[in-house]
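Good morning, and thank you for coming. Please look at the sequence and the structure on the screen, and keep them in view as I speak.

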Amino acid sequence: MNTECGDAEIEQIVDGIGPRLRKLRQERGLTLETLATTTGISVSTLSRVESGKRRPTLDLLIPLARAHHVALDQLVAAPASGDPRVHLRPLHKGRGSVLVPLTQYPGRVQVFKQVLAPRQPELVTHEGYEWLYVLAGRLRLILGAQDFTLKPGEVAEFDTTEPHWFGPADTNPVEILHLFGPRGDQAVVRAGPAASPPATPAAPDPPSTGVSAP
């Protein structure tokens, strides 16, 4: 594609954003005033963006996407690349473990195929939610004080704020599909047991009502 064709395509994409925003707002029965209150964007700016008189920027599109509960690419509607295939790039994690990303959109649910080599358990915690499906081998999952062994075809799902670890249940590698939500890669290794929560102070006795129990 030459430069002129590329520029024309970009202009066409940008020109379509305003009408798309207006249609979304009208479908949801929102006024410009209501949307302005929700997003913090002035009514005049919203009107100019919808009419195509102002070029939409990320600082405008991001709050609008949130307000309409749609993904940012639904507002932009960029053309498809023509090749829907995900080009797999295995990542070797050392000691025989391999991680294969199957999705390409950070910030959403991520999907990986993993081959895990034997390793020592090390509990971690992080924000998010994980879903594991065993393809081959036997998977050991430690979740808090519980210890599970999963066979091919079995599934586990759990809140990752709970201390957890998973890996081969024996001396052979295990192959799994691994899904986790946004921020699921920000793991924090637990160096020791979690500190006990501070004791809750006793509630004061309620004031006397002057009524005796029967």
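How many bridges join strand β5 to β8? Five bridges join β5, residues 129-136, to β8, and the two strands run antiparallel. Two strands are said to pair if DSSP finds at least two bridges between them.

Residues are numbered from 1 along each chain as its sequence is written, and side-chain values use heavy atoms, with hydrogens and water left out.

Let us stay with β8, which spans residues 155-159. Its covered face holds Ala 156 and Phe 158, and its uncovered face holds Val 155, Glu 157 and Asp 159. In a regular strand the side chains alternate between the two faces of the sheet. Opposite Glu 157 stands Trp 131.

Now to the chain overall. It contains six helices and 11 strands; these are DSSP runs numbered from the N terminus, helices being H or I with at least four residues and strands E with at least two. Of its 214 residues, 30% are buried, where buried means under 20% relative accessible area, exposed over 50%, and partly exposed in between, using a 1.4 Å probe and protein chains only.

Next, consider helix α6, residues 72-76, where Leu 75 is placed. Is Leu 75 buried or exposed? Leu 75 counts as buried because its relative accessibility is 0%. Leaving aside residues up to four places away in sequence, Leu 75 touches several others, among them Ile 17, Leu 21, Leu 61 and Val 70; contact means heavy atoms within 4.5 Å. Leu 75 and Gly 18 lie 57 residues apart in sequence, with 8.8 Å between their C-alpha atoms. Leu 72 is also in α6, but Leu 72 is partly exposed, with a relative accessible area of 31%.

Finally, we turn to confidence. The mean pLDDT of the chain is 77, and 71% of its residues reach 70 or more; pLDDT is the predictor's confidence in each residue, from 0 to 100. Confidence is highest in strand β6, residues 139-143, at a mean of 96, and lowest in strand β11, residues 188-189, at 42. Over residues 184-214, pLDDT stays under 50. Where pLDDT is low, the predicted coordinates should not be read in detail.

Definitions and conventions:
This is a predicted model: local features need pLDDT of at least 70, side-chain atom pairs count only at pLDDT 80 or more; totals for chains, interfaces and linings use all residues.
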